[in-house]
Amino acid sequence: MDIAILGSGAMGSLFGGLLSADGHDVTLIDVWEKHVHTINESGLTITELNGTERTVDVPAVSDPDAAAPVDLVVVFVKSTDTKTALADAEPILDTADVLTLQNGLGNPETIAEFVSETQIIAGVTAHGSTLEAPGHISHAGVGSTSIGRYFDENDPTVEYIAEAFSRAGIDTEVTDDIRDAVWEKVLVNVGINASTALSRVQNGRLADTKPGTRLLQAAVTEAIAVARSEGRTVREDIVSHVKAVAEATGANTSSMRQDIEAGRQTEIERLNGEIVRLADQHDIEVPINRTMADLVRLAERSDELP
(Lines give C-alpha, C1' and ligand atoms only; values in the text may rest on other atoms or scores of the structure.)
Protein backbone atom coordinates (compact mmCIF):
# COMPACT_ATOMS: atom_id res chain seq x y z
CA MET A 1 0.00 0.00 0.00
CA ASP A 2 0.87 3.67 -0.33
CA ILE A 3 0.45 4.96 3.20
CA ALA A 4 0.64 8.38 4.86
CA ILE A 5 1.07 8.66 8.62
CA LEU A 6 -0.59 11.89 9.73
CA GLY A 7 1.10 12.76 13.00
CA SER A 8 4.45 10.98 13.16
CA GLY A 9 5.44 11.33 16.77
CA ALA A 10 6.20 8.29 18.89
CA MET A 11 3.31 6.06 17.79
CA GLY A 12 3.03 7.34 14.23
CA SER A 13 6.74 6.83 13.66
CA LEU A 14 6.54 3.32 15.12
CA PHE A 15 3.72 2.22 12.82
CA GLY A 16 5.19 4.04 9.84
CA GLY A 17 8.65 2.61 10.43
CA LEU A 18 7.40 -0.96 10.78
CA LEU A 19 5.21 -0.71 7.68
CA SER A 20 8.01 0.88 5.65
CA ALA A 21 10.45 -1.83 6.73
CA ASP A 22 7.96 -4.41 5.45
CA GLY A 23 7.97 -2.88 1.96
CA HIS A 24 5.08 -0.44 1.92
CA ASP A 25 5.53 3.05 0.46
CA VAL A 26 5.14 5.14 3.60
CA THR A 27 5.37 8.89 4.05
CA LEU A 28 5.63 10.30 7.56
CA ILE A 29 3.91 13.66 8.06
CA ASP A 30 4.67 15.77 11.12
CA VAL A 31 4.86 19.44 12.04
CA TRP A 32 8.12 19.07 14.04
CA GLU A 33 10.65 20.22 11.48
CA LYS A 34 13.71 18.90 13.34
CA HIS A 35 12.17 15.43 13.56
CA VAL A 36 11.34 15.49 9.85
CA HIS A 37 14.82 16.76 8.91
CA THR A 38 16.58 14.13 11.03
CA ILE A 39 14.56 11.28 9.52
CA ASN A 40 15.32 12.47 5.99
CA GLU A 41 19.03 12.94 6.75
CA SER A 42 19.72 9.86 8.87
CA GLY A 43 16.66 7.62 8.75
CA LEU A 44 14.28 6.69 11.55
CA THR A 45 16.03 4.96 14.45
CA ILE A 46 13.94 2.40 16.33
CA THR A 47 15.15 0.97 19.61
CA GLU A 48 13.56 -2.44 19.99
CA LEU A 49 12.25 -3.92 23.22
CA ASN A 50 15.42 -5.96 23.61
CA GLY A 51 17.57 -2.83 23.35
CA THR A 52 18.85 -3.36 19.81
CA GLU A 53 18.61 -0.51 17.33
CA ARG A 54 17.76 -0.45 13.67
CA THR A 55 17.40 2.34 11.17
CA VAL A 56 14.59 2.53 8.64
CA ASP A 57 14.82 4.72 5.56
CA VAL A 58 11.43 6.40 5.24
CA PRO A 59 10.61 9.81 3.75
CA ALA A 60 9.16 12.49 6.02
CA VAL A 61 7.46 15.79 5.21
CA SER A 62 6.01 18.63 7.24
CA ASP A 63 3.57 19.73 4.54
CA PRO A 64 0.89 17.16 3.57
CA ASP A 65 0.83 18.74 0.10
CA ALA A 66 4.28 17.22 -0.42
CA ALA A 67 2.91 13.70 0.03
CA ALA A 68 1.75 11.78 -3.03
CA PRO A 69 -1.78 10.36 -3.28
CA VAL A 70 -2.10 7.34 -0.99
CA ASP A 71 -4.36 4.35 -0.37
CA LEU A 72 -4.43 4.78 3.39
CA VAL A 73 -4.01 7.68 5.81
CA VAL A 74 -3.31 6.61 9.40
CA VAL A 75 -4.15 9.42 11.84
CA PHE A 76 -2.01 9.63 14.97
CA VAL A 77 -2.22 13.33 15.79
CA LYS A 78 -3.49 14.29 19.22
CA SER A 79 -7.25 14.34 19.36
CA THR A 80 -7.13 18.09 20.05
CA ASP A 81 -5.41 18.56 16.67
CA THR A 82 -7.63 16.32 14.57
CA LYS A 83 -9.61 19.07 12.86
CA THR A 84 -6.57 21.20 11.99
CA ALA A 85 -4.57 18.22 10.75
CA LEU A 86 -7.39 16.90 8.56
CA ALA A 87 -8.00 20.36 7.08
CA ASP A 88 -4.31 20.64 6.16
CA ALA A 89 -4.27 17.11 4.72
CA GLU A 90 -7.33 17.43 2.48
CA PRO A 91 -5.30 17.03 -0.76
CA ILE A 92 -4.40 13.41 0.16
CA LEU A 93 -7.79 12.43 1.57
CA ASP A 94 -9.83 12.33 -1.61
CA THR A 95 -9.97 8.58 -2.26
CA ALA A 96 -7.95 7.23 0.67
CA ASP A 97 -9.28 5.20 3.53
CA VAL A 98 -8.66 7.04 6.80
CA LEU A 99 -7.77 5.00 9.88
CA THR A 100 -7.78 6.74 13.26
CA LEU A 101 -5.72 5.09 16.00
CA GLN A 102 -6.00 8.12 18.27
CA ASN A 103 -6.94 8.24 21.92
CA GLY A 104 -10.30 9.47 23.11
CA LEU A 105 -13.84 9.87 21.86
CA GLY A 106 -15.13 11.81 18.87
CA ASN A 107 -12.26 11.42 16.40
CA PRO A 108 -14.21 9.51 13.70
CA GLU A 109 -16.98 12.09 13.92
CA THR A 110 -14.46 14.90 13.40
CA ILE A 111 -12.83 13.08 10.48
CA ALA A 112 -16.29 12.69 8.92
CA GLU A 113 -16.36 16.47 8.47
CA PHE A 114 -13.65 16.03 5.81
CA VAL A 115 -14.25 12.65 4.14
CA SER A 116 -17.16 10.32 3.48
CA GLU A 117 -18.18 8.11 6.39
CA THR A 118 -17.57 5.13 4.09
CA GLN A 119 -13.84 5.94 4.11
CA ILE A 120 -13.43 5.94 7.89
CA ILE A 121 -11.88 3.10 9.88
CA ALA A 122 -11.32 3.30 13.63
CA GLY A 123 -8.93 1.31 15.74
CA VAL A 124 -7.26 0.80 19.08
CA THR A 125 -3.78 -0.46 19.82
CA ALA A 126 -1.91 -1.65 22.87
CA HIS A 127 1.51 -0.96 21.34
CA GLY A 128 3.60 1.61 23.14
CA SER A 129 6.29 3.95 21.86
CA THR A 130 8.42 6.73 23.28
CA LEU A 131 9.94 9.61 21.32
CA GLU A 132 13.52 9.72 22.56
CA ALA A 133 14.90 12.45 20.30
CA PRO A 134 14.32 13.81 16.80
CA GLY A 135 14.34 10.81 14.47
CA HIS A 136 14.61 8.30 17.34
CA ILE A 137 11.84 6.27 19.00
CA SER A 138 11.78 3.35 21.42
CA HIS A 139 9.28 0.53 21.00
CA ALA A 140 8.03 0.54 24.59
CA GLY A 141 5.38 -2.16 24.52
CA VAL A 142 3.74 -4.79 22.33
CA GLY A 143 0.05 -5.64 22.28
CA SER A 144 -2.91 -6.31 20.05
CA THR A 145 -4.49 -3.88 17.59
CA SER A 146 -8.13 -3.96 16.50
CA ILE A 147 -9.69 -2.09 13.59
CA GLY A 148 -13.10 -1.85 11.93
CA ARG A 149 -15.34 0.41 9.87
CA TYR A 150 -16.83 2.97 12.24
CA PHE A 151 -19.91 4.01 10.28
CA ASP A 152 -20.25 1.05 7.90
CA GLU A 153 -19.86 -2.70 7.69
CA ASN A 154 -16.39 -4.19 7.36
CA ASP A 155 -15.16 -5.11 3.90
CA PRO A 156 -12.18 -6.80 2.22
CA THR A 157 -10.17 -3.56 2.40
CA VAL A 158 -10.26 -3.62 6.21
CA GLU A 159 -9.17 -7.28 6.17
CA TYR A 160 -6.32 -6.42 3.80
CA ILE A 161 -5.13 -3.59 6.05
CA ALA A 162 -5.21 -5.88 9.09
CA GLU A 163 -3.20 -8.52 7.24
CA ALA A 164 -0.66 -5.94 6.07
CA PHE A 165 -0.23 -4.59 9.60
CA SER A 166 0.16 -8.10 11.01
CA ARG A 167 2.84 -8.98 8.47
CA ALA A 168 4.72 -5.85 9.51
CA GLY A 169 4.77 -6.97 13.15
CA ILE A 170 1.61 -5.13 14.28
CA ASP A 171 -0.68 -8.01 15.24
CA THR A 172 -4.09 -6.76 14.06
CA GLU A 173 -7.61 -8.19 14.05
CA VAL A 174 -10.81 -6.94 12.45
CA THR A 175 -13.76 -6.43 14.77
CA ASP A 176 -17.40 -5.68 14.09
CA ASP A 177 -17.62 -3.98 17.50
CA ILE A 178 -15.07 -1.23 17.04
CA ARG A 179 -17.18 1.32 18.93
CA ASP A 180 -17.13 -0.89 22.01
CA ALA A 181 -13.37 -1.37 21.55
CA VAL A 182 -12.84 2.40 21.37
CA TRP A 183 -14.84 2.86 24.55
CA GLU A 184 -12.86 0.13 26.32
CA LYS A 185 -9.62 1.93 25.47
CA VAL A 186 -11.17 5.18 26.71
CA LEU A 187 -12.05 3.53 30.03
CA VAL A 188 -8.42 2.42 30.37
CA ASN A 189 -7.18 5.94 29.67
CA VAL A 190 -9.77 7.50 31.99
CA GLY A 191 -8.61 5.22 34.78
CA ILE A 192 -4.89 5.86 34.32
CA ASN A 193 -3.94 9.05 32.50
CA ALA A 194 -5.29 11.91 34.61
CA SER A 195 -4.37 10.32 37.94
CA THR A 196 -0.78 9.65 36.90
CA ALA A 197 -0.44 13.09 35.30
CA LEU A 198 -1.67 14.93 38.37
CA SER A 199 0.26 12.85 40.91
CA ARG A 200 3.41 12.53 38.75
CA VAL A 201 3.63 8.78 39.27
CA GLN A 202 4.21 5.89 36.91
CA ASN A 203 1.28 3.72 35.91
CA GLY A 204 2.08 0.95 38.36
CA ARG A 205 1.41 3.13 41.40
CA LEU A 206 -2.30 3.02 40.58
CA ALA A 207 -2.24 -0.75 41.01
CA ASP A 208 0.11 -1.19 43.96
CA THR A 209 -1.18 1.55 46.31
CA LYS A 210 -4.57 1.93 47.98
CA PRO A 211 -5.04 5.60 46.97
CA GLY A 212 -4.11 4.81 43.38
CA THR A 213 -6.49 1.87 43.20
CA ARG A 214 -9.32 3.91 44.74
CA LEU A 215 -8.88 6.67 42.17
CA LEU A 216 -8.68 4.22 39.28
CA GLN A 217 -11.79 2.34 40.41
CA ALA A 218 -13.83 5.50 41.03
CA ALA A 219 -12.99 7.13 37.68
CA VAL A 220 -13.69 3.96 35.70
CA THR A 221 -16.90 3.12 37.57
CA GLU A 222 -18.33 6.56 36.79
CA ALA A 223 -17.36 6.23 33.14
CA ILE A 224 -18.94 2.77 32.87
CA ALA A 225 -22.34 4.26 33.64
CA VAL A 226 -21.83 6.82 30.88
CA ALA A 227 -20.69 4.19 28.37
CA ARG A 228 -23.75 2.05 29.02
CA SER A 229 -26.03 5.07 28.72
CA GLU A 230 -24.45 5.63 25.31
CA GLY A 231 -25.49 2.12 24.32
CA ARG A 232 -22.07 0.52 24.60
CA THR A 233 -21.43 -3.00 25.83
CA VAL A 234 -18.85 -2.98 28.64
CA ARG A 235 -17.11 -6.12 29.85
CA GLU A 236 -18.02 -7.07 33.43
CA ASP A 237 -14.40 -7.17 34.58
CA ILE A 238 -13.43 -3.78 33.13
CA VAL A 239 -12.19 -2.31 36.43
CA SER A 240 -9.94 -5.34 36.98
CA HIS A 241 -8.83 -5.07 33.37
CA VAL A 242 -7.81 -1.41 33.76
CA LYS A 243 -5.91 -2.27 36.94
CA ALA A 244 -4.17 -5.10 35.07
CA VAL A 245 -3.16 -2.66 32.33
CA ALA A 246 -1.71 -0.33 34.97
CA GLU A 247 0.26 -3.27 36.37
CA ALA A 248 1.44 -4.45 32.95
CA THR A 249 2.61 -0.93 32.06
CA GLY A 250 3.84 -0.26 35.58
CA ALA A 251 7.12 1.34 34.56
CA ASN A 252 5.51 3.54 31.91
CA THR A 253 4.98 7.27 32.14
CA SER A 254 1.53 8.01 30.76
CA SER A 255 1.24 10.28 27.73
CA MET A 256 -0.82 12.77 29.73
CA ARG A 257 1.85 12.98 32.42
CA GLN A 258 4.48 13.51 29.71
CA ASP A 259 2.37 16.32 28.25
CA ILE A 260 1.88 18.05 31.62
CA GLU A 261 5.56 17.83 32.47
CA ALA A 262 6.53 19.17 29.05
CA GLY A 263 4.02 22.03 29.20
CA ARG A 264 1.97 20.67 26.30
CA GLN A 265 -1.79 20.55 25.89
CA THR A 266 -3.24 17.20 26.93
CA GLU A 267 -6.08 15.12 25.51
CA ILE A 268 -8.19 15.60 28.64
CA GLU A 269 -11.17 16.99 26.66
CA ARG A 270 -11.53 13.77 24.64
CA LEU A 271 -11.13 11.58 27.75
CA ASN A 272 -12.39 12.61 31.20
CA GLY A 273 -13.74 15.86 29.76
CA GLU A 274 -15.87 13.96 27.24
CA ILE A 275 -17.10 11.64 29.98
CA VAL A 276 -18.31 14.71 31.87
CA ARG A 277 -20.00 16.20 28.80
CA LEU A 278 -21.87 12.98 28.02
CA ALA A 279 -22.72 12.43 31.68
CA ASP A 280 -24.40 15.84 31.75
CA GLN A 281 -26.53 14.81 28.77
CA HIS A 282 -27.65 11.67 30.60
CA ASP A 283 -28.02 13.37 34.00
CA ILE A 284 -25.33 11.14 35.54
CA GLU A 285 -23.16 12.33 38.42
CA VAL A 286 -19.42 11.97 37.72
CA PRO A 287 -17.67 14.03 40.43
CA ILE A 288 -14.32 12.22 40.20
CA ASN A 289 -14.01 12.67 36.43
CA ARG A 290 -15.24 16.27 36.67
CA THR A 291 -12.62 17.08 39.32
CA MET A 292 -9.82 15.34 37.42
CA ALA A 293 -10.70 17.14 34.21
CA ASP A 294 -10.68 20.51 35.96
CA LEU A 295 -7.37 19.80 37.71
CA VAL A 296 -5.71 18.81 34.44
CA ARG A 297 -7.06 21.96 32.79
CA LEU A 298 -5.51 24.03 35.55
CA ALA A 299 -2.25 22.12 35.28
CA GLU A 300 -2.16 22.84 31.54
CA ARG A 301 -2.26 26.55 32.42
CA SER A 302 -4.48 27.07 29.41
CA ASP A 303 -5.60 30.61 28.64
CA GLU A 304 -9.01 29.28 27.64
CA LEU A 305 -10.46 26.98 30.28
CA PRO A 306 -13.88 25.45 29.45
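This is a predicted model: local features need pLDDT of at least 70, side-chain atom pairs count only at pLDDT 80 or more; totals for chains, interfaces and linings use all residues.
Residues are numbered from 1 along each chain as its sequence is written, and side-chain values use heavy atoms, leaving out hydrogens and water.

**Around Thr-175**
- Thr-175 sits in the loop between strand E12 (172-174) and helix H6 (178-199); helices (H or I, at least four residues) and strands (E, at least two) are DSSP runs, numbered from the N terminus.
- Thr-175 is buried, with a relative accessible area of 16%, where buried means under 20% (1.4 Å probe, protein chains only).
- Leaving aside neighbours within four places in sequence, Thr-175 is in contact (heavy atoms within 4.5 Å) with Ser-146, Ile-147, Gly-148 and Asn-154.

**Where H8 meets H9**
- Helix H8 (residues 210-229) and helix H9 (residues 238-248) pack at an angle of about 135°, their axes 10 Å apart; axes are lines fitted to C-alpha atoms over the stretch in contact, and angles run from 0 to 180 degrees between N-to-C directions.
- On the H8 side, the contact is made by residues including Leu-216, Val-220 and Ile-224, and on the H9 side by residues including Val-239 and Val-242.

**Helix H11**
- Seven of the 10 residues of H11 (residues 272-281) are buried, among them Glu-274, Ile-275 and Leu-278.
- These buried residues of H11 pack against H6, H8 and helix H12 (287-300).
- Asp-283, which follows H11, has a positive phi, near 60°.

How values were computed:
Buried means under 20% relative accessible area, exposed over 50%, partly exposed in between (1.4 Å probe, protein chains only).
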